[in-house]
Amino acid sequence: MLIQEIINYFRVNSDQYFEYLIGHLTISIKALFWATILGLPLGYLSYRIKKLGEFFQIGSQLLRIIPSLAILFILIPLIGVGEFPALIALSFLAIPAVLVNTTLGFHEVPMITKEVASGMGMNKNQLFFHIEVPLAMPYVLNGLKLALVEVLASATLATYIGAGGLGTLIFTGLGLYRMDLLIIGGGTVTTLSLISIAIFDLIIRKVKKNYV
């Protein structure tokens with residue numbers, strides 16, 4: 001019985017499961033961190049400089065088109081296998097969502113609001129930190145949410161190049177025709193994605209309530 005097989009797996013292999021889970025979360029959070037470090041400033045530059053913005057927008061769309069697995073395989077002859085190339089690939093996959101939503105967020109700040117703030121004596125730095133950033137923040141957070149969900153899903157493919165994670169359970173299940181492993185691995189990834197969405201949505205609502 002399938003449910004009994006799932007229970008037996010956790011009874012015998014709980015340590016292994018949590019090892020996969022922690023590995024999956026670790027590489028996903030690292031990828032989101034680097035995507036944020038790169039995506040936020042690039043998104044703001046895209047907002048400030050129109051031609052540069054068009055270039056970054058095209059580049060981000062191209063990154064979205066390239067399949068996750070293709071990026072992983074392209075990196076193998078360049079930097080080998082393991083966590084590092086997987087981290088690079090996942091970071092690049094997450095950048096478009098952060099970049100595009102950051103750019104959108106700053107574009108959505110009402111011009112009249114900025115004009116009123118300037119008229120009240122705010123300088124550029126004050127305008128940026130007290131007006132533009134708070135009003136753009138819900139869009140930025142939405143970009144981070146989309147990026148994290150994409151990374152959590154794509155991180156399963158990192159197993160192909162030896163990075164571990166929950167993908168190990170999924171691909172082992174496919175190879176051995178083990179439905180219990182497929183459900184455990186896929187179900188955990190789905191649950192992580194749903195939890196991430198719920199947490200970010202809660203934060204976004206609070207930010208909107210405080211600033212928008």
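At 22% relative accessibility, Tyr 44 counts as partly exposed, a class that lies between buried (under 20% relative accessible area) and exposed (over 50%), as found with a 1.4 Å probe and protein chains only. This is a predicted model, in which local features need pLDDT of at least 70 and side-chain atom pairs count only at pLDDT 80 or more, whereas totals for chains, interfaces and linings use all residues. Residues are numbered from 1 along each chain as its sequence is written, and side-chain values use heavy atoms, with hydrogens and water left out. Rings of Phe, Tyr and Trp (its six-membered ring) pair if their centres lie within 6.5 Å, and the pair is called stacked when the planes are under 30 degrees apart, edge-to-face when they are over 60, and tilted for the rest. By this rule the count comes to ten aromatic pairs. One of them joins Tyr 44 to Tyr 47, a tilted pair with 5.9 Å from centre to centre and 45° between the planes. Both residues belong to helix α1 (residues 2-48), where they sit three residues apart, about one turn of the helix; helices here are DSSP runs (H or I) of at least four residues, strands (E) are runs of at least two, and both are numbered from the N terminus.

**Tyr 44 and Phe 106, a pair between two helices.** Tyr 47 is buried, with a relative accessible area of 14%. The rings of Tyr 44 and Phe 106 have centres 4.9 Å apart and planes at 70°, so this pair is edge-to-face. Since Tyr 44 lies in helix α1 and Phe 106 in helix α4 (residues 83-107), the pair ties together parts that are 62 residues apart in sequence. Phe 106 is itself buried, with a relative accessible area of 6%. Seen as a group, Tyr 44, Tyr 47, Phe 106, Phe 128 and Phe 129 form one aromatic cluster.

**Thr 102, a buried residue of helix α4.** Thr 102 is found in helix α4, and at 2% relative accessibility this residue counts as buried. Leaving aside neighbours within four places in sequence, Thr 102 is in contact (heavy atoms within 4.5 Å) with Gly 39, Leu 40, Gly 43, Tyr 44 and Val 140.

**Leu 146, a partly exposed residue of helix α6.** Leu 146 is found in helix α6 (residues 124-154), where 39% relative accessibility makes this residue count as partly exposed. Not counting residues up to four places away in sequence, Leu 146 touches Ala 97 and Asn 101. Ile 6, by comparison, is 140 residues from Leu 146 in sequence and 30 Å from Leu 146 in space, C-alpha to C-alpha.

**The nonpolar cores.** A nonpolar core is a set of buried Ala, Val, Leu, Ile, Met, Phe, Trp, Tyr and Cys residues joined through side-chain atoms within 4.5 Å. The largest such core has 41 residues, and those with the most contacts inside it are Tyr 9, Tyr 17, Leu 90, Leu 166 and Leu 169. Two or more residues come from each of the elements α1, α3 (68-79), α4, α6 and α8 (179-211), and α4 gives the most to this core, with ten residues. Leu 90 is in contact with Ile 27, Ala 31, Val 151, Ser 154 and Ala 155, leaving aside its neighbours within four places in sequence. A second, separate core has eight residues, including Tyr 47, Phe 106, Leu 127 and Ala 136.

**A nonpolar surface patch that includes Leu 38**. Phe 33, Trp 34, Ile 37 and Leu 38 make a nonpolar surface patch of about 400 Å². Leu 38 is found in helix α1, and at 41% relative accessibility Leu 38 counts as partly exposed. Patch residues have over 30% relative accessible area and no salt bridge, with like charges joined within 9 Å and nonpolar side chains (Val, Leu, Ile, Met, Phe, Trp, Tyr) within 5 Å; a salt bridge is a side-chain nitrogen of Lys or Arg within 4 Å of a carboxyl oxygen of Asp or Glu. The areas come from the Shrake-Rupley method with a 1.4 Å probe, and for residues only the protein chains shown count as cover.

**Tyr 177, in the loop between α7 and α8**. Tyr 177 has its place in the loop between α7 (167-176) and α8, and this residue is exposed, with a relative accessible area of 77%. The phi angle of Tyr 177 is near 55°, a positive value in a residue other than glycine.
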